[in-house]
Amino acid sequence: MSASQKLGSVKRDWRQRDVKVVLSALIIAVATVAIIALFASQLQRTLITSASSFLAADRQLEAEHGKPIPAEWREEARNRGLQTARMVEFSTMLSGGERFQLVSIKAVSDEYPLRGKIEFQQDADSDRQLLGQGPRPGEAWLNPRLVRLLEIDVGDTVEVGNLELTVSGLLVREPDGGFNLGGLAPRVMMHADDVDATGVIQEGSRVEYVNLFAGEEAALDGFYQWLQPRLEPSHEWESIRDGEALSESLQRAERFLLLGGSIAVLLASVAVAVASRQFAVGQRDTVALLKTLGLSSRRIGHMYLVRLSVWGLAGMAGGLLVALPVYGFLNNLMARVLEQEIPFTVDLPSLMPALATAVVSLFAFAYPPIRRLRHVPAMRVLRSQPGEADSRAWSDIAIAVVAIFGLVWLYAREVMLVVALIGGLVALLGTLALLGWLLLLALRRVTGGGNAWRLALVGLYRHRRASLSQIAVFAMTLMLASTLILVRSSLLADWQAQLPEQTPNHFLINIAPSTVDEVDAFWREQGQGLDTLYPMVRGRLTEINGQPVRQVVSKDDSVNALNRELNLTWMESLPEDNRIVAGDWFGSDQTEGVSVEAELAAELGVDVGDVLGFTIGSETIAEPITSIRTVQWESMKPNFYMAFPPGGALEGLPATWITSFYLPEDRKDALNEFTREFPTVSLLEVDHIIERIQAIVGQVTQAIEAILALILAASLVVMAAVVSATLQDRQREGALLRTLGGRQSLLVNSTMLEFGLAGLLAGILGVLAAESAVWALQYRMFGGEFRWHWQVALPIPLISGFVLALLGRWQLRPVLQVSPMLLLRRLE
Amino acid sequence: MTDLSSGPRQTSEAILTVTDLTQRVDLGRDTLTILQGVSLEIKRGESVAIVGRSGSGKTTLLGLLAGLDTPTEGEVVLEGKAISRLSEDERAALRARRVGFVFQSFQLLPALTALENVMLPLELADFPDPQARARELLGRVGLGDRLTHTPRQLSGGEQQRVAIARAFACEPVILFADEPTGNLDNQTGQEIQELLMALNREQGTTLVMVTHDETLAARCQRRLTIEAGHLEAAREETA
């Protein structure tokens, strides 16, 4: 066949209905996957940037005990194309006006912050501004509460050690709020170059040097590779993913996006599969004709390969033409919601799954049946023999499963996700086959009649092949959409539970044992009850079963808890949100033992019965593990890796007490009175941090809703495509029924019932399959507990039945409007 | 309902009366007249062939006679009912009980077996035990052993037999056939002819048939010729 002939046959293809359906499916597939992949990767970048502002950088390097971080390290980072900044944090007395106050100083270099903005006020009455740079040398910005505490104004001077600084503004909020429970007096920000001149920092002072880094992920990783062998135990390398409060939310959001994308890939394959299968089966007569005309089977195969390739390319081009504007629109929308600039970036890796999905599904579903037709004698093709089965259907299914599995794997690279989704689909199809068989047995004896119910049931039975495959596609579509709906609802519920209204937003630390009662009384008088007070003893984990911990745990770098002093506590009862996963909580008279947080226990490789040795000051203690418990790190309450029983090993060791409480914004003045009355108690204000976490969770939620909306739209398109695949047959049937004397209302009711029943059945199966997929996903990917989601699951079958009934009604339109005579002739 | 039985052209034997039937199709700027002022009368039990060249309006006329479409002007009275004044559902009910159809392209539903195809009109008309009746009819047309075969597994002649069985299933008073042998070879066409005529006789059905087939037309009692939308009155003849 010459090139022009091939072109001619491709041109003719455009006019065929089946081909149009295949092309539309391809375009929808490419567009959906591309939009979701592009949007998800953009969202991920935006969220990470937004969350990175929590560190004011992409990575932080902290040195805890008074030794500055070598300047060469920053030099190396800059050589690798990273931005750097440095800061020094320490506590000291500050004098201003007539008063002295213990403050926590953060001295920053010009580059600070690398991510996020500083919220600043010129004075108490002016508007808040967002600044990308800290104070200049010779200046200081003070926390507004500190200014009131000292009874000074902006423009006055304050003294830090030997240095006099001018108060040039108010520090409302710094991007890196600081979760560290170190020195926590009111914040003062000054320039890093002024630190030496204060003379405050001496050998052995409690000071923390921090370096900030930002830049490309690859460069950051490369730098860390270089840095790792040079790090000492006092150094701590932190990324946003290590930040306790946000990291889990972010990881879950990322996984949600991944799940959404995988589901888009599956939906797209289903759409292309249905369409191309339909096309391939419809090619019987054409193949027979070509063979009759004397074409060799090799040339027939070749011809179809060329055609499929041309459509594949056309589908890709069309899909991208649809996807890019939609993505641009979503981008704008997101930029408006998040109130930040979002560049329009199209990264090629995000487009790959879309293109691969279209082409692989097209060939995997369209080619095998056509290939098989080549070997069937022409006569057999034209007139099939009774009882002749599609003997190779199983190999088709195998090819399809492998292809789809490969596609989702290509996209997600997460075994559990792929297994859960595909396993859910296979289970669904198995159940459907069984159910279909049972239904056939049950419906065989029903005969139709003037009754719409009977006609609908007979319709389901008589079109069993079409009905079952349509129900299968609907059920798969619904399963995928429901999975996303279910995961979304449990994610949102988890997030809301994590930071409810009145989450404690202030911590009191370093409460001396002698003042515990007074502190408690103070807040009770203010009408703000304190949460549980916990004693806190700082100590290091040094031995496991008598062996030095550094020998036992070889990958000690990854166990952060070993790099720093731990806060040890004793408690009588298990905190409400902790759960025992092994062993038992302390009995009422028990004084032995220690309860260890589950993740740390796993990292250390210890279990109930192992003996842990701690060094506390000059003392050492050793206790067997009696229980392992999970902790809600995101709860913003005091949480402890190690808990001892009251009267246990910690008894008699120097302890201070810690607690948290909720204070509304308008009661913040009480803090001044408190600091004056209890100058030695450190106060940590985390209200701004909580606000920001809530804001970010809000953003993530909106992003998730957007992805969900896209997926739901795609599902609807797939279902409409499936219905339209049999449109012509249905219309012909409708016309014939009318010719044979079926009333319009009978036709309408029975069709709506038939479709509605199919939809209901598909909905029930889909939701059940989705629940099982979610059950599998929940453990591995989202770490939550599995619950049945009746309130979400119940409406889905009803809605699907309703939507399908409407689709059925919609496809009948021409049958009702046009005279049956005309329609029959038109459809001939 | 308007009582038309007292109309001047109504005889006790007329089953179908057509008065001044005109059908036009609106083509946007132009209107195409397909039928113009056709009047005719068909008596109960009669067999009538409508002949004419392709595009002369035969099939349109058949559709109008059967109430599958409504005329632009004029009136069709079937069994005393002016069908153009009936609602769509009333027409459907009339078709279900009183009218049968055979089409050139068979119009069987591909997903249904032969048996199910024949059961369809019986079910729609709420016939008692449609399956037994359908079996009986398929046996009568010689397909008693092909009940579970789908149209794809049947030859053209066999498909038309199924269609004929379906057409006679509800014992219609009038049967409309549109080129029933048009898609079949001579030999098979001949067999279908025989079958159609035989069943017609057995059931005493009125037969109205559009055909090109001279031998088939010749077997009808009367022949009406249509040319360019007009009934050639001169050539209305009785065989």
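Author: A helix here is a DSSP run of H or I with at least four residues, and helices are numbered from the N terminus. In this predicted model, A:Val272 has its place in helix α7 of chain A, which covers residues 244–282. The relative accessibility of A:Val272 is 1%, and because buried means under 20%, this residue counts as buried.

Turning to what surrounds this residue, and leaving aside neighbours within four places in sequence, A:Val272 is in contact with A:Ala25, A:Leu26 and A:Ala29, and also with A:Ala358, A:Ser361 and A:Leu362.

As for the whole chain, chain A contains 25 helices and 22 strands, and of its 828 residues 55% are buried. Among the contacts in chain A with a separation of 6 or more, 81% are between residues 24 or more positions apart. The chain exposes about 36200 Å², of which carbon and sulfur atoms supply 55%.

Helices α16 (516–525) and α19 (669–677) of chain A each supply at least two of the patch residues, and α16(A) gives the most, with 3 residues. A:Glu673, which lies in helix α19 of chain A, has a relative accessibility of 42% and therefore counts as partly exposed, whereas A:Val272 is buried.

Notes: Residues numbered from 1 in each chain as written. Chains lettered and ligands numbered in written order. Predicted model: local features only at pLDDT ≥ 70, side-chain atom pairs only at ≥ 80, totals over all residues. Heavy atoms only, no water. Buried < 20%, exposed > 50% of the residue type's maximum accessible area, 1.4 Å probe, protein only. Contact = heavy atoms within 4.5 Å. Areas by Shrake-Rupley, 256 points an atom, 1.4 Å probe, with all protein chains shown as cover.
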